[in-house]
Amino acid sequence: MLTLYLVDDDTLALDTLRRKNVFLDCGFEVCGYTDDTVTAFGEIMRLRPHVVITDLKMPVMSGVQMMEKLQSEGCTALFVMLSAYGEVADVRRFFTQHGYDYLIKPASDLDLAELLNKLAEKIQSAGKPDYTYSTQLEKVTDYLQEYYAMRHTLESLGEKFEIRPTTLCNLFARHMNT
């Protein structure tokens, strides 16, 4: 499963974004989110997500400043700016610092899905594992069929397949109606 981290100082926008099904549908797990760039910096360095989607204008540190600081510390995540502002200077600075894409708020599920599919292709073509929700779910169900007599929990399966238990639960609920 590919991972992404969300940063937006607008807590309502952040909450709406993190609950979108389009992430899971495109093979991404939201591994973390926050409305604070300082917290985000530490968590992103610890979690090492494949993708960071961040707002541009935030207090303390802008999305571009956070990206620059993370990159200077060795972060290799792909960065996507999601902003209500389309100021040319900010967009230019973002791309000159190797930002991946820039979406104007509110981004539709269709725009997000298109972007996530491009991101997944880029990450997988760079030699990262090809884990989409369907391949991961197939591995889990194959395992369960083979070892049906064993006692399984979401936690034990999550640990075995390196999937968070809540993500595993969501995969079963969404794609197997169980």
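Thr 54 is buried, with a relative accessible area of 1%, where buried denotes under 20% relative accessible area, exposed over 50% and partly exposed in between, for a 1.4 Å probe and protein chains only. In this predicted model, local features need pLDDT of at least 70 and side-chain atom pairs count only at pLDDT 80 or more, whereas totals for chains, interfaces and linings use all residues. Residues are numbered from 1 along each chain as its sequence is written, and side-chain values use heavy atoms, with hydrogens and water left out.

Thr 54 lies in strand β3, strands being DSSP runs of E of at least two residues and helices runs of H or I of at least four, both numbered from the N terminus. Residues up to four places away in sequence aside, Thr 54 touches Val 7, Gly 63, Met 66, Val 80, Met 81 and Leu 82, contact meaning heavy atoms within 4.5 Å.

Five strands form an open sheet with parallel pairing, in the order β2-β1-β3-β4-β5; two strands pair if DSSP finds at least two bridges between them. Because β2 (28-34) and β5 (101-104) stand at the edges with a single partner strand each, one side of each is left without a neighbour in the sheet. Four bridges join β4 (residues 78-83) to β5, and Tyr 102 in β5 is the bridge partner of Met 81.

Helix α4 (residues 63-72) lies across β1 (2-7), β3 (51-54) and β4, running at about 170° to β4, with axes fitted to C-alpha atoms, for helices over the stretch in contact, and angles from 0 to 180 degrees between N-to-C directions. The buried residues of α4 are Gly 63, Val 64, Met 66, Met 67 and Leu 70. Seen down the axis of α4, these buried residues fall within an arc of 160°, so they line one face of the helix, the arc being that of the directions from the helix axis to the C-beta atoms.
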